[in-house]
Amino acid sequence: MTMEITQYTPVDRDDVAALCARALDLPEDAAEAPALVARLDSAPEARTWTRFAARLDGRVVGVVNGSISQRDARIGHVDLLAVDPQARGRGLARSLLDAAEKHLAGLGVTEIRLSGNPPCYVWPGVDVRYTPAVCLAEAAGYQRFDLAWNMSADLTSVPSPEAGEARLAAAGIEVRRLAGDDLPAVRAWVRRTWNASWEWEVAESVGRSDAGCHVALRDGEPIGFAAWGANRPSLFGPMGTDPAAEGTGIGGVLLRRCLLDQRAFGLGTAEIGWAGPIRFYSRSVGARVERVFLLFRKAVTQP
């Protein structure tokens, strides 16, 4: 049997997606394998990628996806690492990780993180339930530096947003689905108020059947937004309310509208990615913290 590790291109996407469906041990990840691989392969054009595939007699049995941060070119990320269950125990994951590290270091990276690289990512970090991945990180010299979590929302019992929408309408606030005509103004507002990463996610959520965005406007000006599906159909977020409009109930209405979209798409559960205000999500839709991620990093030297 012949094993080789070579760079892969989007041409290999179907083989990589099939591998991830076999290799991702958590059912919620395996079910979305094609979507997450496609998402990483269609990231912003400005992103610099490092992609390697391991082939056993020509069959893809391992993959690593790495990228350089668009915020700081000194930081690299490992976005995806997966090995076929039938090919484990041969040090293949470590070989793939080493290949990505060396390539990123050769591009000028001085620190590599096992964490999501916003705005295009599929997980915040390493899910604590992927025990072999945690062991690999520690064996490879990575140090934990942060913690993140996703919350889960049951889409079978999402409260109706209608009463909240009526209250907002009485206060002169319109809530509607974001469409193409509104997009330029909303993108500029999101970038100005928050950041370019959220702007990208908003733009990616419009005009697709597996994603969406809702916006709140006062006198035609955006004051709140919520999006879903920009990175994975099951992911909710980002969401933001203009500081001057906080406390009006906009967030709860926008959240519920997005979750109802996800239910209509056919999902039973949504993940609130990189969740911030836990109490808000818990009280608004009964969401629970169910996925916890470890974020790792280590310094690397240039070759």
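Predicted model: local features only at pLDDT ≥ 70, side-chain atom pairs only at ≥ 80, totals over all residues.
## Ground rules

Local features here need pLDDT of at least 70 and side-chain atom pairs count only at pLDDT 80 or more, while totals for chains, interfaces and linings use all residues. Residues are numbered from 1 along each chain as its sequence is written, and side-chain values use heavy atoms, with hydrogens and water left out.

## The largest pocket

The largest pocket holds about 660 Å³ of space. A pocket here is an open set of points on a 1 Å grid over the protein atoms alone, where a 1.4 Å probe fits, with protein on both sides within 12 Å along at least five of seven lines; lining residues have an atom within 4 Å of a point. Grid points are joined across faces, edges and corners, and the volume is the space filled by probe spheres set on them.

Its lining counts 31 residues, with Leu-81, Ala-82, Tyr-130, Ala-133 and Leu-136 nearest the centre. Strand E4 (75-83), helix H4 (92-106), strand E6 (126-127) and helix H5 (131-139) each give two or more residues; E4 has the largest share, with six. (Helices, H or I with at least four residues, and strands, E with at least two, are DSSP runs numbered from the N terminus.) By class, the lining splits into 21 nonpolar, five polar and five charged residues. Nonpolar covers Ala, Val, Leu, Ile, Met, Phe, Trp, Tyr, Cys and Pro, charged covers Asp, Glu, Lys and Arg, and the others, Gly among them, are polar.

## The second largest pocket

Of its 21 lining residues, Tyr-121, Trp-198, Pro-238, Gly-273 and Trp-274 are closest to the centre. Helix H8 (196-204) and strand E11 (235-241) are the elements giving two or more residues, and E11 supplies the largest share, five.

## How H1 meets H3

Helix H1 (residues 13-23) packs on helix H3 (residues 33-41) at about 135°, axes 8 Å apart. Axes are lines fitted to C-alpha atoms, for helices over the stretch in contact, and angles run from 0 to 180 degrees between N-to-C directions. H1 and H3 are therefore oblique to each other (under 35 degrees is roughly parallel, over 145 roughly antiparallel, 65 to 115 roughly perpendicular, the rest oblique).

The contact (heavy atoms within 4.5 Å) has eight nonpolar, no polar and two charged residues.

## How H9 meets H10

Helix H9 (residues 250-264) and helix H10 (residues 278-285) pack at about 65°, with axes 10 Å apart. Gly-251, Gly-252, Leu-255, Arg-256 and Leu-259 of H9 meet Phe-280, Tyr-281, Ser-284 and Val-285 of H10.
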